[in-house]
Amino acid sequence: MSSKDCLFCRILAGEIPADIIYESDTAIAFRDINPQASTHVLIIPRKHIATINALDESDAQQVGELFLAAKQVASQEGVAERGYRVVMNCNAGAGQTVFHLHLHLLGGRDLSWPPG
Ligand code: AMP
Ligand code: ZN
């Protein structure tokens, strides 16, 4: 998929509005349009990568920076101490609907385990 067809690349390009709450050289974070918890933020790399399966060795730093962004977002959202979850769905069988890598950060309520 080219970036012009990708929803999250279009958010990155400013073509589609989003409530962006964090930006770095390599990643941005914005609020999920259909939140599943009082804090539900998506953290995405600026680089278009469709799924975990498409990662290669050169993406290792990029992926690490998504988690550092998650740490920062959890702190600024006030959920770091109580606890939060980060989830990355891979492919349709796991519920992935947008094929641009993204971490979900969920917090602000008790989260059960295992997930559905
Ligand atoms: P996934 O199902 O893991 O691929 O997650 C995709 C997420 O993107 C879902 O939680 C959607 O609610 C969210 N989403 C879809 N469109 C938008 C949008 N325009 N702005 C913010 N979040 C979106
Ligand atoms: Zn994309």
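Visitor: Which residues come nearest to ligand 1?
Guide: This is a predicted model, so let's read it as one. A residue counts as near if one of its heavy atoms lies within 4 Å. There are 15 residues around ligand 1, and those that come nearest are Asp32, Asn89, Gly95, Thr97 and His104.

Visitor: How far is the oxygen atom of ligand 1 from a polar backbone atom of glycine 95?
Guide: Backbone atoms turn up in several contacts here. A backbone N or O atom of isoleucine 33 lies 3.1 Å from a nitrogen atom of the ligand, and a polar backbone atom of valine 98 is 3.0 Å from a ligand oxygen. For glycine 95, the distance to an oxygen atom of ligand 1 is 2.8 Å.

Visitor: And how much of ligand 1's accessible area does the protein cover?
Guide: On its own, ligand 1 has 500 Å² of accessible area.

Visitor: Which elements give two or more residues to the shell around ligand 1?
Guide: By class, that shell has 6 nonpolar, 7 polar and 2 charged residues. The elements giving two or more of its residues are α1 (7–12) and β2 (27–31).

Visitor: Where does ligand 1 sit, and how much space lies there?
Guide: Ligand 1 sits in the largest pocket. The space in the largest pocket is about 730 Å³.

Visitor: How many residues of each class does the lining of the largest pocket have?
Guide: Elements supplying at least two lining residues each include β3 (39–45), β4 (84–87) and β5 (103–107). By class, the lining has 16 nonpolar, 11 polar and 5 charged residues.

Key. Residues numbered from 1 in each chain as written. Chains lettered and ligands numbered in written order. Predicted model: local features only at pLDDT ≥ 70, side-chain atom pairs only at ≥ 80, totals over all residues. Heavy atoms only, no water. Polar contact = N/O pair within 3.5 Å; in protein donor to acceptor, adjacent residues only side chain to side chain. Areas by Shrake-Rupley, 256 points an atom, 1.4 Å probe, with all protein chains shown as cover. 1 Å grid on protein atoms, 1.4 Å probe; cavity = no way out; pocket = protein on both sides within 12 Å on 5 of 7 lines; lining within 4 Å. Sits in = over half its atoms within 2 Å of the grid points. Helix = DSSP H or I, 4+ residues; strand = E, 2+ residues; numbered from the N terminus. Nonpolar A, V, L, I, M, F, W, Y, C, P; charged D, E, K, R; others polar. Points joined across faces, edges and corners; volume = space filled by probe spheres on them.
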